[in-house]
Amino acid sequence: MDLEEGRERPLPESDSGLMAEFYGCSETAFERLADRWWPRLFAFFRKLGFGNEDAEDLVMDSLVKLFATKERQQFDTSQQLAPFLFTIARHLAVAAWRKRPPHPEVPWEEDLPLVTGAREPESELEADLLACVWQLPEAELTYVALCGRHGLGELSHNEIAEILDKWPPQVTQLSKRALTLIRECMHGKGYR
Amino acid sequence: MDDKAIYRALGGLRNRITPPGSGDPLRTPACLTYSRARVLALDPAGSTAAESAHAAECRRCGHLLRSFDRQLPHLSIWTLMRRQLDLLRPAEADRVQYHLGSGHCRECTARAERLAGVPLTRLQLPALLVPPHPAMARAAVPEPEVLVRGEHGDLEADLVRDGDELCLEVRTRNPAHRHQLVGYAFASGTGEALVEGYLVLGPDAEEWLAAHELIDPERFRAAAPDGSAALEVAVLPPACLSAEEWRRVRTAAPGPEAAEEVRATWREFCRTQLVVGSLSEDALETVRSIYTSL
């Protein structure tokens, strides 16, 4: 990496590099970024329990909000984009829940092909597990949707800490609470 | 079901629903790009007939335009005033160029036109402004001290330090400013408003009209640790405020604990705006909401 004014210059095709190009003059850089992030954001909102159309609208809102940061140059291009963008996405999800609670009864399998590209048989266990995940409180649910080791996502505890505005040890606590709540819920459904 | 089994099941789901590939599956070749949707949200009249027809039919593009319209920030009233006075710093000038120059924002262009000629009182604050910690302040500054005083046209402003408190007083003898909205902002060197607020001028002693505001020194200390800020004060034409600024006016309105004369002054301001009725419907809704809370 090069050094520019004491900061590391992001790699050109990295997320932050594309944001730097976008903030510079290239608006096609943003379109490339939007293409790259669309499926990941869609999967995130689906994992939070939003239906297909709501998830699509929320993806667009997240990307518009990211685009709008150029007006005030609010993203530091020396930082990673993922925590910044998932923070935006999380706030939009919370705002959407405030207006209208999610519908955990939305059949996951019906919409799954858009995410996986291939329809697969859904087991009763997976359906019950998702129902239990969707009953978690917001912070625990977001944790499970994001965590690449203990949940359904792709991020580390440090990245999740940034998104949830918590210290990493608090994220570990959150992880334990989520597991306890899922276990109790699954016991309630007859899984021993 | 033990923890390992739960993690195993979550892992299975995670692997199954990991999104492959890339791209926006809703986009067709006729769809708007993000940058074009932004420009059309800022200047709807710039849309071609084909774009309008497509956006009316396409769920993706219709939502994109509404989302930009709802979420794009507009220029602050202070930026518009500084632009008028040719006081923009380079970074701020770039933002203005992006929003007004390449974005052709109709709303901010109209706001800027309405602001023409509105005087801005601008005071450069001394570095000693940042109040010391309370214990030091009590020992070192026993009496209230005017830190900075300025006037422009018929508007005067004092910033007073009293122990560990900062108080802003804005006053005028011009009766035309009775029950008018005054804005203030402590602006950083790059023009960013660090602390800002809204007051309404009401009757004071000896035919003065005045408004006072206690400013939390902790908030100020956090925002401008080196004290390098300028204080900007202006009587603001309400029709020049953006939706975001109206939300801040709503927050600045006095609560039930405020003195009755302050609440009465705000009531008069609201009543005037509701009678004149020259504001947008959203702004009038905010004014109604403030009025009923008073």
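**Chains A and B: values against definitions**

Modeller: Take chain A and its contacts (heavy atoms within 4.5 Å). Among those between residues at least 6 apart in sequence, 59% join residues at least 24 apart. This is a predicted model: local features need pLDDT of at least 70, side-chain atom pairs count only at pLDDT 80 or more, and totals for chains, interfaces and linings use all residues. Residues are numbered from 1 along each chain as its sequence is written, chains are lettered from A and ligands numbered from 1 in the order in which they are written, and side-chain values use heavy atoms, with hydrogens and water left out.

Colleague: What elements does chain A have?

Modeller: Chain A has 9 helices and 2 strands. The order from the N terminus is β-β-α-α-α-α-α-α-α-α-α.

Colleague: How many residues of chain A and of chain B take part in the contact?

Modeller: Chain A gives 55 residues and chain B gives 40 residues. The two chains bury about 4400 Å² between them, 61% of it on carbon and sulfur atoms. That area is the accessible area (1.4 Å probe) that two parts lose on being put together, summed over both. A:Met60, A:Glu71 and A:Arg72 supply 16% of the area that chain A buries against chain B, more than any other three residues.

Colleague: Why is the meeting of A:Asp57 and B:Arg59 called a salt bridge?

Modeller: The rule asks for a side-chain nitrogen of Lys or Arg within 4 Å of a carboxyl oxygen of Asp or Glu. The N to O distance from B:Arg59 to A:Asp57 is 2.8 Å, so the pair qualifies. Across the interface of chain A and chain B the rule finds 7 salt bridges.

Colleague: How many residue pairs are in polar contact across the interface?

Modeller: There are 19 residue pairs, both partners at pLDDT 80 or more. The test is a pair of N or O atoms within 3.5 Å; within protein, one must be able to donate a hydrogen and the other to accept it, and residues adjacent in sequence count only if both atoms are side-chain atoms. On the side of chain A that touches chain B, helices H2 (28-47), H3 (52-68), H5 (108-116), H6 (124-134) and H9 (168-188) each supply at least two residues.

Colleague: Why is A:Asp165 called exposed?

Modeller: Its relative accessible area is 72%. Exposed means over 50%, buried under 20%, partly exposed in between (1.4 Å probe, protein chains only). So A:Asp165 is exposed. A:Asp165 lies in the loop between helix H8 (157-164) and H9 of chain A. Its phi is near 55°, positive in a residue other than glycine.

Colleague: What makes B:Glu206 count as exposed?

Modeller: B:Glu206 has 63% relative accessibility, so it passes the exposed cut-off. B:Glu206 sits in the loop between strand E7 (202-203) and E8 of chain B. Its phi is positive, about 50°, although it is not a glycine.

Notes: Helices (H or I, at least four residues) and strands (E, at least two) are DSSP runs, numbered from the N terminus.
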